[in-house]
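Biologist: I would like to learn how to read the space inside a protein. Could you walk me through an example?

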Amino acid sequence: MAALEYEGRHFEVRPGETVLDALLAGGVDAPHSCRSGHCRTCLARVVDGSIPRGSQVGLKDAWRELGLVLTCCTVPETDLVIAPVGGLGLEVGATITETVRLAADVVRVRMTLDAPLEHRGGQYVTLVRGDGLARSYSTANVPDRDPFLELHVRVIAGGSMSGWLAGANLAGERVAIRGPDGECFYVADRTTEPLLLVGAGTGLAPLWAVAQDALRRGHTGRIVLVHGAVEAKGLYLVEELRELTREHGNFEYVGSVLRGEPEAGIEIGPIDALIRTRFPSLRGWRVYLCGNPELVFDLRKKVFLAGASTRDIHADAFVGRPTRAA
């Protein structure tokens, strides 16, 4: 067994066990979310010991040089001493200015940042509460246009972070932002090519940012945004999206719900069936996919089979597992 030290506490890590699992088994309320190395919520710093293989996959070079690792992917090969990442300048302070319900289970959170954060609309960041609770969310606005950072948070019953954000008025509350990361953002290099934006639930957040950014940058190709939910009440920003449709001849919004009565602009049935029917060939399209991992992975395969090039499929999956408790 490898010995592990974290904030003065000592743990034993069983063969094949990750640092994150060892910490959680030892009663440490360690930040985490996806447990698959994608969300970056579980970052920690190796203070002493050899950095294990596979523990830094996908991290920026500067973060690797600082000894940062993803604890959910870190299987110790030697004894390790690790520490939280606070104080390394990886986070920007922020003040919450507004929390507004967009749907029964979606709250919009806006905040001002203490310092500039270089990011593109649609990338995801990690929101860190004062007590260390952390959760990753996609950004939902165009940063060089708006003087705030906007997140759309799915409210989970009993969720520690989402429940807190959806609760009392948090205006003035201090938090920190870590990041950004992710590939769901608009690149204005092929402005005449069609864009297909597909998401479910709060997967709309990055797509909303991508659509606004593309239109603002003068994208002339066709843009179709498809947002899915179980029922029509799960759709949000409907009027804002319809307004974009009225204002821009190359933009189209389509709502997709699994059950309910058909109405203008909203189709009934699985979102993948809608995509297959409407877009039998996606050759030459750029495709953005956001939502729960199962949906994203399934759609990625299907849009590729429909002709979309691998390099033109951009996907960030919202992780369904909680960060400490969502």
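Modeller: Gladly! Let's begin with one residue and its surroundings. Setting aside neighbours within four places in sequence, Arg178 is in contact (heavy atoms within 4.5 Å) with Arg40, Thr41, Leu43, Val85, Leu90, Glu91, Val125, Thr126 and Val128. This is a predicted model, where local features need pLDDT of at least 70 and side-chain atom pairs pLDDT 80 or more, while totals for chains, interfaces and linings use all residues. Residues are numbered from 1 along each chain as its sequence is written, and side-chain values use heavy atoms, leaving out hydrogens and water.

Biologist: Is Arg178 buried or exposed?

Modeller: Buried means under 20% relative accessible area, exposed over 50%, and partly exposed in between, using a 1.4 Å probe and protein chains only. Arg178 has 7% relative accessibility, so it counts as buried.

Biologist: With which side chain does the side chain of Arg178 make a polar contact?

Modeller: A polar contact pairs N or O atoms within 3.5 Å; within protein, one must be able to donate a hydrogen and the other to accept it, and residues adjacent in sequence count only if both atoms are side-chain atoms. Here the partner is the side chain of Glu91, at 2.8 Å.

Biologist: And which residues line the largest cavity?

Modeller: On a 1 Å grid over the protein atoms alone, a cavity is a set of points where a 1.4 Å probe fits but cannot get out, and lining residues have an atom within 4 Å of a point. The lining here consists of Cys39, Arg40, Trp63, Tyr124, Val125, Thr126, Arg178, Gly179, Pro180 and Asp181.

Notes: 1 Å grid on protein atoms, 1.4 Å probe; cavity = no way out; pocket = protein on both sides within 12 Å on 5 of 7 lines; lining within 4 Å.
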